[in-house]
Amino acid sequence: MPREATHFAIVLERIARRSITQFRDISDVDLNRPFELPESNTAFALATHLIGSAEYWVLQLAGGHDVHRDRPSEFHATGTGEELVARYERWLTTMQEVLSRLPDEQLDQPVSVRSGYHPSLDDEPMTVRDALLHAVEHCALHQGHLELTRQLLGYPPAGAQ
């Protein structure tokens, strides 16, 4: 019988693959093109923030890896689609390794979330399971943002060609 963490891995991989589909065929110029919309992000910054959050919530909090996340810099990141795809693929490989070995009983263990990162509105301690649920929620939200950003850049919906 599969462990609970493997179910998280399946969903997180699906979100990551859909995200890659959103930006893979966007030119590097367009990936880094800012919008004249208040508080908007480039597609590259969105994709960087999505993977940065995934690394933190899954690899660091659930897996115990130190990912050295610099969250504010994610919103100013620039680069190429090739770099993004490589980072996502590295994360997918490591995420699969971490979650395939995570025993169910560890999901109830508390995690220490950086100040300002706590997504919960209650005062309950956050667990590994909570961190994984937050990763799913947060990544799915930004995957949707990538879909909209792609269209704002003038690209057809991914897979529509």
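Start by selecting arginine 129 and aspartate 108: they form a salt bridge, with the closest N and O atoms 2.4 Å apart. A salt bridge here is a side-chain nitrogen of Lys or Arg within 4 Å of a carboxyl oxygen of Asp or Glu. Arginine 129 sits in helix H6 and aspartate 108 in the loop between H5 and H6, so the pair ties together parts that are 21 residues apart in sequence. Helices are DSSP runs (H or I, at least four residues), numbered from the N terminus.

Before moving on, a word on what you're looking at. This is a predicted model, with residues numbered from 1 along each chain as its sequence is written. Local features need pLDDT of at least 70 and side-chain atom pairs count only at pLDDT 80 or more, while totals for chains, interfaces and linings use all residues; side-chain values use heavy atoms, with hydrogens and water left out.

Now colour by accessibility. Buried means under 20% relative accessible area, exposed means over 50%, and partly exposed is in between (1.4 Å probe, protein chains only). Arginine 129 is partly exposed at 22%, and aspartate 108 is partly exposed too, at 48%.

Step along to glutamine 109, in the loop between H5 and H6. It is partly exposed, with a relative accessible area of 43%. Which residues does glutamine 109 touch, not counting those up to four places away in sequence? Show everything in contact (heavy atoms within 4.5 Å), and you'll find Met126, Thr127 and Val128. For a sense of scale, draw a C-alpha to C-alpha distance from glutamine 109 to threonine 80: the two are 38 Å apart in space and 29 residues apart in sequence.

Next, select helix H1, residues 4–23. At 1.5 Å a residue, its 20 residues should span 28 Å, and the end C-alpha atoms are 30 Å apart, which agrees. That expected span is 1.5 Å times one less than the number of residues. Look down the axis of H1: its buried residues fall within an arc of 150°, so they line one face of the helix. The arc is taken from the directions of the C-beta atoms seen from the helix axis. Among the buried residues are Phe8, Leu12, Ile15, Ser19 and Phe23.

Time for rings. A search of the whole structure finds two aromatic pairs. Rings of Phe, Tyr and Trp (its six-membered ring) pair if their centres lie within 6.5 Å; planes under 30 degrees apart count as stacked, over 60 as edge-to-face and the rest as tilted. Pick phenylalanine 23 and tyrosine 88: this pair is edge-to-face, at 5.2 Å centre to centre and 65° between the planes. Phenylalanine 23 belongs to helix H1 and tyrosine 88 to helix H5, so the pair ties together parts that are 65 residues apart in sequence. Phenylalanine 23 is buried at 0%, and tyrosine 88 is buried at 0%. Then pick tyrosine 56 and tryptophan 57, an edge-to-face pair at 5.3 Å centre to centre and 85° between the planes. Tyrosine 56 is buried at 0%, and tryptophan 57 is buried at 2%.

Now go to arginine 69, in the loop between H3 and helix H4 (71–74). Is arginine 69 buried or exposed? It is buried, with a relative accessible area of 11%. The side chains of arginine 69 and glutamate 74 meet in a salt bridge of 2.6 Å, N to O, and glutamate 74 is buried as well.

One residue back is the next stop, histidine 68, also in the loop between H3 and H4. Histidine 68 has a positive phi of about 50° although it is not a glycine, and it is exposed at 64%. Most residues other than glycine have a negative phi. Finish with glutamate 39, in the loop between H2 and H3. Its phi is also positive, near 55°, and glutamate 39 is exposed, with a relative accessible area of 80%.

Methods: Helix = DSSP H or I, 4+ residues; strand = E, 2+ residues; numbered from the N terminus.
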